[in-house]
Amino acid sequence: MINISHIYKSFKEKSVLEDISMSIKDGEFVVVLGSSGAGKSTLLRCMNGLYIPEKGSVEISGIELNRKSMREIRKRVGFIFQGSCVVGNLSVLTNVLMGSLSKKNSMSLRFTKSEKEKALELLDMVGLSEYAYIRTDKLSGGQRQRVGIARALLQEPEILLADEPVASLDPVTAKEILDLIEKINREMKTTIICNLHQVEYARAYAQRIIGIRNGKIDFDENTESVTTRQIQHIYEN
Ligand SMILES: Nc1ncnc2c1ncn2[C@@H]1O[C@H](COP(=O)(O)OP(=O)(O)OP(=O)(O)O)[C@@H](O)[C@H]1O
Ligand SMILES: [Mg+2]
């Protein structure tokens, strides 16, 4: 359960999020839409403590997000970055294992046998088992995105935040990645909050769509009831 209550976030003097409130139930698949600069990434970053809002509160599974609770929250919340953010000169397996660093006290790249077994299972799940010992920079964009997903899943998050996980992927690969995220939602019951630019993917995958315009919520509805007019409105200047 995520409870966001009246948050405000600005950079320098510039207000980016204004009075955002929402409540997301366990197991939901929510897509956030909005034009470039609307505040989608900022909103997602406020959900795992990468940014702390100036006003209002963010509560994850009953824990209020602040500097003290950040580590606890990060164990529960996985993050998939646009372009996946993998380390090219490390193996695919090591990149996945780095998902466990948020739990460790050191940044050492030494991992236990059970962590390795789990990482290999996840690589199998995302369809990359043959690539475990290959350097990550040898992989395609779609394959790297899968590595990023496996890494986020290593800590068994309750919530998965995905910031444009299919940006710069071809339509077939994009669909494969979204199918994978949908499978994680369905089978692992992971709550998904996903920023997208493609309205058609939002309609195909989301149970609920939140439209953001100029840092404010424009609409927040079940996918079936979102109208073309509402979609147009968030992309108007
Ligand atoms: N760290 C930062 N420092 C200063 N300004 C920032 C920072 N992060 C975001 N902003 C500003 O906040 C606004 C919203 O940015 P954000 O990245 O949240 O938009 P977005 O909806 O994700 O856009 P896009 O679709 O292009 O990814 C932009 O004007 C951006 O310049
Ligand atoms: Mg963004």
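Visitor: How many bridges join strand β4 to β5?
Guide: In this predicted model, local features need pLDDT of at least 70, side-chain atom pairs count only at pLDDT 80 or more, and totals for chains, interfaces and linings use all residues. Residues are numbered from 1 along each chain as its sequence is written, chains are lettered from A and ligands numbered from 1 in the order in which they are written, and side-chain values use heavy atoms, with hydrogens and water left out. Strands are DSSP runs of E with at least two residues, helices are runs of H or I with at least four, and both are numbered from the N terminus; two strands pair if DSSP finds at least two bridges between them. Strand β4 covers residues 55–60 and runs antiparallel to β5, and the bridges joining them number 2.

Visitor: Which residue in the hairpin of β9 and β10 takes a positive phi?
Guide: Strands β9 (residues 208–213) and β10 (residues 216–222) run antiparallel and are joined by 6 bridges, and Arg-213 stands opposite Lys-216. The hairpin has 2 residues between the strands. The one with phi near 45 degrees is Asn-214.

Visitor: Is Glu-164 buried or exposed?
Guide: Glu-164 lies in the loop between β7 (159–163) and α6 (171–187), and its phi is positive, near 45 degrees. Buried means under 20% relative accessible area, exposed over 50%, and partly exposed in between, with a 1.4 Å probe and protein chains only. The relative accessible area of Glu-164 is 12%, so the residue is buried.

Visitor: Is Asn-214 buried or exposed?
Guide: Asn-214 is in the loop between β9 and β10. Its relative accessibility is 59%, so Asn-214 counts as exposed.

Visitor: What radius of gyration does the chain have?
Guide: The radius is taken over C-alpha atoms, and the globule rule is 2.2 Å times the number of residues to the power 0.38. For 237 residues, a compact globule would come near 18 Å. The chain agrees with this, at 18 Å.
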